[in-house]
Amino acid sequence: MEWTEVKIYTTTEGIEPLTAMLLETGITGIQVEDDDELKQFVTTSSTYWDYVDEELLNKEKEDTRLIVYVSNNPYGNDILMSVKEGLSRLKNSDIGLNLGKLTYDLIAANDEDWLDKWKEFYKPFTVGNKLLVKPEWETVENTENRIIFTINPGHVFGTGMHSSTQLCIINLEKYVTKKSEVLDLGCGSGILSIISLLLGAKHANAIDIDANAVKTAYENAALNGIEKNKYYVTSGNIIDSKEIQDEIGYDKYDIIVANIIADVIISMAPIVKKLIKKDGIFISSGIIKDRVADVTSALDENGFDIIDTAYKDEWVSVTAKIKTNQKLQG
């Protein structure tokens, strides 16, 4: 598959607002290249280095760069247009920060280019109390006897590194049982649904608006020994399509997880109410702190009680259950 590398130029101050904008477009794989942060890290942690290349410290400073990849298809083109619109909004905003040029370069790339870049910085890591996440090209010593989740990141889809994804994983650890029927909305590379199965769930369904996600999720399931009789992945817009809702099924799920963005979670709330069992758990994440009140308000209006709100870095997950008697009324 062909991809477009989008290299956006900003400043150290601009990393956080620009990252938030990119995540709002649906991009979760973001590479940051910042000479200032690199030099500060090397200088302040010099005690732990035997040798530092002088050329690295003395090389001419370049603009801070955020690099993302979008697929070269209609879906990727829509994301690219959203990125361009987001950059325009940031340029015209007054948030009291120096965001730099906010210009971008577009570079054609292929699968091998992307995979080689991921291999440079995507290393095994632990999440919660039970999980060890590792890319398929790495070997690990599982000294803590954790459940190992093996992944091929799948280009623009999720890798598990993002704080919002980790909040979901920690919640899945709390609520998944051997009887759990799980639904992953906006599944991307299938991380959350596959992990639910590794944690012992009975069955998982997953859906993403991008058809490319189906192949990636099934490939990652196979890497983890998950057979198709326990896992079903499909593609479509569950908010607008009654056909997709019928395919996924109603009053069926013990756990529904959605790691997307606030506006999509708000739009999904009335749909989730139809899909979830009366005592089911809805785990939502991908929410920036400024949007928590909007999400909790939408959930309340659709008959949910908030049972937990968790924070990691600038991100928030909201866990909810149907209010008593609301399912019957709905």
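Reader: Is threonine 64 buried or exposed here?
Author: This is a predicted model, and in it threonine 64 counts as buried, because its relative accessibility is 1%, where buried means under 20%.

Reader: Which strand is threonine 64 in, and what is threonine 64 in contact with, leaving aside its neighbours within four places in sequence?
Author: Threonine 64 belongs to strand E3, which covers residues 64–71. With those neighbours left aside, its contacts include Ile8, Tyr9, Thr10, Thr11 and Thr12, and also Ile15, Glu33 and Asp34.

Reader: Ile15 is in helix H1, then; how many residues of H1 are buried?
Author: Of the 10 residues of H1 (residues 15–24), 7 are buried, so the helix is largely enclosed by the rest of the structure. Those buried residues are Ile15, Pro17, Leu18, Thr19, Met21, Leu22 and Leu23. After H1 comes glycine 26, which has a positive phi, near 105°.

Reader: Switching to the surface, which residues gather in a patch of negative charge?
Author: That patch is formed by Glu16, Asp290, Asp313 and Glu314. Aspartate 313 sits in the loop between strand E13 (304–312) and strand E14 (315–322), and aspartate 313 counts as exposed because its relative accessibility is 56%.

Reader: And for the whole protein, how many helices and strands are there, and what share of the residues is buried?
Author: The protein has 12 helices and 14 strands, and buried residues account for 51% of its 330 residues. Its accessible surface comes to about 16,100 Å², with 48% of that belonging to carbon and sulfur atoms.

Technical notes. Residues are numbered from 1 along each chain as its sequence is written. This is a predicted model: local features need pLDDT of at least 70, side-chain atom pairs count only at pLDDT 80 or more; totals for chains, interfaces and linings use all residues. Side-chain values use heavy atoms; hydrogens and water are left out. Patches are made of residues with over 30% relative accessible area and no salt bridge: like charges are joined within 9 Å, nonpolar side chains (Val, Leu, Ile, Met, Phe, Trp, Tyr) within 5 Å. Accessible areas come from the Shrake-Rupley method with a 1.4 Å probe; for residues, only the protein chains shown count as cover. A salt bridge is a side-chain nitrogen of Lys or Arg within 4 Å of a carboxyl oxygen of Asp or Glu. Lys and Arg count as positive and Asp and Glu as negative; His and the chain ends are not counted. The place of a charge is taken as NZ of Lys, CZ of Arg, CG of Asp or CD of Glu. Helices (H or I, at least four residues) and strands (E, at least two) are DSSP runs, numbered from the N terminus. Buried means under 20% relative accessible area, exposed over 50%, partly exposed in between (1.4 Å probe, protein chains only). Contact means heavy atoms within 4.5 Å.
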